[in-house]
Structure formats: C-alpha cells, structure tokens
Amino acid sequence: MKKTKKLSALLSIFLVFAMLFSNASVFASDSEETDVDIEDGAETEAPIYDTTVSLDVRLDLDAKAAILMEAKTGTVLYEQNADAALPPASVTKIMTLLLTMEAIEAGAFNFDTVVTASEHASSIGGSQIYLEAGEQLTVRDMIKSVVVASANDVATALAELVSGSEELFVARMNERAKELGMANTTFENPTGLDDNTVNHLTSARDIAIMSRELMKHKEIFEFTKIWQDTIRDGAFTLTNTNRMIRYYSGCTGLKTGSTSKALYCISSTAERDGLELIAVILGSSTRDNRNKSAAKLLDYGFANYAYVHFDNAVLDPIKVSFGTKNSVPVGYGSFGTVCAKGDAKNLSYVLELPEKLAAPVAKGDVVGKVHYMSGDKEIGTLDIYALDTVEKITFSQIFGRILRKYFFV
C-alpha cells in the first residue's frame, strides 16, 4: 500500500511537470535582485549617419581655411578649404598639450611634478617665459605657461618630460595624429615655430579633430579660461594670447598662433546651452580679423544649431522563457546629436524589442534597438542590452521546485 502511494506521488509529479513544462517560466524565481548597470552621464558612441550638417551658406571670412565643428559629436557645421595643408604656428601646441594630458592620465607624472629645464629647452626662442637651464617649475605652471603665454621654451621642456627628447616627442606627435585620423598633418616640432621647418603642416579639419580630443581632458579648461595669472611666485605675469576669452560670450579656449609664414591662426572653443563648438581659422591677415572670423563662425553655429540630449534608460523587464528568473531588465545608454534649431522639437525615438526572450540570456547581450528619428529620417541608433544574466533552468531545478511547490508548502 505504501509503495502504491509513493508511485502515485511520483506519477503526479511527472504529470504536473509534463503539463507545466510548456510554460517553464512558472518555475522561475522572481525573488533574486537584478544587477542593473547603465552608466549615467557618459555619451554613448552611436553610429554617425551624417557628420556634416550644412545650411548651404557662405560666410565672409578672412581665412585661407576654416571649419566649424560641434565638439561632442564631431559634426561639421561649416567648412572652407578645410583639408588644405597649411602651417599652423603655435596652434601646434594643441597636440603638445594633448600628449601631456594623456601622459598625466596614464600616471607618468602629475600636475605637481617638478620639472628641471634643459639647456635645449631654455634656448628656444619666439614667445617664451625665458626659462633658464636648470630652472624648476611644476607641470601645472608649465601647462599654464604654454596655454596662456604660448611659451615655446616650456612646450619644449614638456616634450622632453613626456618622451625623453624633442625628437622622440615629435615622432609621437605624428603617430598620435595618424591614430586620430589627421590625414593632412606632419609635425616637425612641438612649438609651431616654422623658420627652419620644411613640412610642418596641418589642416583646419585636423586641428578641429585634435582640439576635440584635447577637450575630453576637462582639466585643460582650468588653464584655457585664464585671462591673467602669474608664475614664479607672482614674479612673472602671464596674459592670454586668446583675446576672445575676454570678449566672446561662452568662450572656453583654446589656442592661438601666428608667424610670418602661417599668418594668424586660432582654434577657438565656446559653449552655450549645451552646444560646444570648435572654430578653426588658418591664415588670417591680422589678429583682429582672425578673431572676428572665429567669432563669425561661432555666431553662425549658435544662431542656427542646437544640441539635443536623450538620457540613458532602464526599461520594463522582458519576459524570459525556460529561465531561472521570470524576466530580465534591459536598458540603453545616452545619446546626443546636433541639428538645425528648427528641427530640435521634431526629434523622437522608437524602441525595437521582442515580447519574450529564451534563456539563457547573458548580461550585455543585445536584445533590441532604439532608433532616433528626425521626422521620418533615422539619425542614430543604439543597442538595448540585457542588464542581468538569466541562466537556462535545468531539469533538476524544475523537479526540485515542483516538489517544493506541490508537496512541501
């Protein structure tokens, strides 16, 4: 009699299993905490559908070449002879500063590291702070001197600090330019002095590219926004060569340059209402005309374009079949785009998601898409990811849960 009851119980278990297996999620546990991980504040790199946005205008600029780029996305808003290889003068130092900031980020040294000037660095002419061989300055004061006063002697000292010698640093400058896709650039020194150079050239587009890269190191703005400051315990005054810092609303930097060969050049950066712009002018006839042309580019950008940001999001969980959990949380990162101001209100997004997933599902699996639209035109897309792992339920897990559910509750 007892054997019959046991057999009957086992038979009941398998009958229940057979009836319910077609909906295995009945056995999934929904009591486990999910591991949600959507990074906030970091713009997701989305496919660029059109990196040039143009209103088909021609600005009257005093420049051999010019470009206007939106910094967050790299979208080009205006260009004029932007790929011509031209001498950049001290705008070269954007790359010198970029490599210095990257070395700091890598831990090679820090802002408080004390640097001893070499005989070679102290001998570099042009704009300078009159470094003496053996003089010691912190990296912070050196960066300040390069950014604000365009000091050639200090730029050379930083080059020696980063790479050990000016020659090795120049090789790294050219290597980094290739990595960034700067197709029309050749550097011969870290300063931009061109009296003795043969092929020290770059383009407006390439300058915008390296400016954008430098802007990712937010600490640089602590220096580029300075109008006046001092070094050597207040004994030496620095005044910014970028006059736009004083008079152009929202100006944040970045670097000026001028030589008899390059004429007057600038990479001017500014930010208003979340729109960050880079205006590059090469080969202007005077300093004032250079600044006016840069301001005209920036005015054009701020008047006609807007930056639109969509936040990251964690969506409602998606059901999972045959999993150890009933569902999995999903989400996607943030997205930003630049558009004509009149189109900003017409931007929207559409979610593409399945109704159900089949286990196993791994954290990070792409489970859908979010499509960003301007009217009927798709302007970008992001992947939607699983934010947790859901393993496939096993026979023993199902069997154990049947026992607990129907016999031990």
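Start with the open sheet of five strands, ordered E2-E1-E9-E8-E7, where the pairing is antiparallel. Strands here are DSSP runs of E with at least two residues, helices are runs of H or I with at least four, and both are numbered from the N terminus. Two strands count as paired if DSSP finds at least two bridges between them. Strands of a sheet pair through backbone hydrogen bonds, either parallel or antiparallel. Select strand E2 (76–80) and E7: they stand at the edges with a single partner strand each, so one side of each has no neighbour in the sheet. From one strand to the next, the twist averages 5 degrees. Angles of this kind run from 0 to 180 degrees between N-to-C directions, and axes are lines fitted to C-alpha atoms, for helices over the stretch in contact.

Before moving on, note that this is a predicted model: local features need pLDDT of at least 70, side-chain atom pairs count only at pLDDT 80 or more, and totals for chains, interfaces and linings use all residues. Residues are numbered from 1 along each chain as its sequence is written, and side-chain values use heavy atoms, with hydrogens and water left out.

Select E7 (residues 251–259) and E8 (residues 263–272). They run antiparallel and are joined by eight bridges. Zoom to Gly253; opposite is Thr269 in E8. The hairpin that joins E7 to E8 passes through three residues.

Ser268 stands opposite Ala279 in E9.

Show helix H10 (residues 287–304). H10 lies across strand E1 (65–70), E2, E7, E8 and E9, and runs at about 150 degrees to E9.

**Helix H4**

Go to helix H4, residues 139–149. How many of its residues are buried? The count is 10 of 11, so H4 is largely enclosed by the rest of the structure. Buried means under 20% relative accessible area, exposed over 50% and partly exposed in between, with a 1.4 Å probe and protein chains only. Colour the buried residues of H4: Val139, Asp141, Met142, Ile143, Lys144, Ser145, Val146, Val147, Val148 and Ala149. Step on to Ser150, which follows H4 and has a positive phi near 55 degrees.

**H4 against H5**

Two packed helices are described by the angle between their axes and the distance between the axes. The axes of H4 and H5 come within 9 Å and cross at roughly 135 degrees. H4 and H5 are therefore oblique to each other. The scale is this: under 35 degrees is roughly parallel, over 145 roughly antiparallel, 65 to 115 roughly perpendicular, and the rest oblique. H4 passes H5 in a left-handed crossing. A crossing is left-handed if the near helix is turned anticlockwise from the far one by less than a right angle, and right-handed if clockwise.

Show side chains. Val139, Met142, Ile143, Ser145 and Val146 in H4 meet Val154, Ala155, Ala157, Leu158 and Leu161 in H5. Nine residues of this contact are nonpolar, one is polar and none is charged. Contact means heavy atoms within 4.5 Å. Ala, Val, Leu, Ile, Met, Phe, Trp, Tyr, Cys and Pro count as nonpolar; Asp, Glu, Lys and Arg as charged; the others, Gly among them, as polar.

**H4 against H2**

Keep H4 and bring in helix H2 (residues 93–105). H2 and H4 pack at an angle of about 160 degrees, with their axes 11 Å apart. That makes H2 roughly antiparallel to H4. The crossing is left-handed. Lys93, Leu97, Thr100, Met101 and Ile104 in H2 meet Val139, Ile143, Val146 and Val147 in H4. By class there are seven nonpolar, one polar and one charged.

**The mixed sheet**

Select the six strands of the open sheet E14-E16-E17-E12-E11-E15, where the pairing is mixed. Strand E14 (347–352) and strand E15 (356–358) are the edge strands, each pairing on one side only. Neighbouring strands are turned by 35 degrees against each other on average, direction ignored. Inside the sheet, E11 (residues 313–321) and E12 (residues 327–332) run antiparallel, joined by five bridges. Lys319 has Ser327 in E12 as its bridge partner.

**Zoom out**

The protein has 11 helices and 17 strands. Of its 409 residues, 51% are buried.
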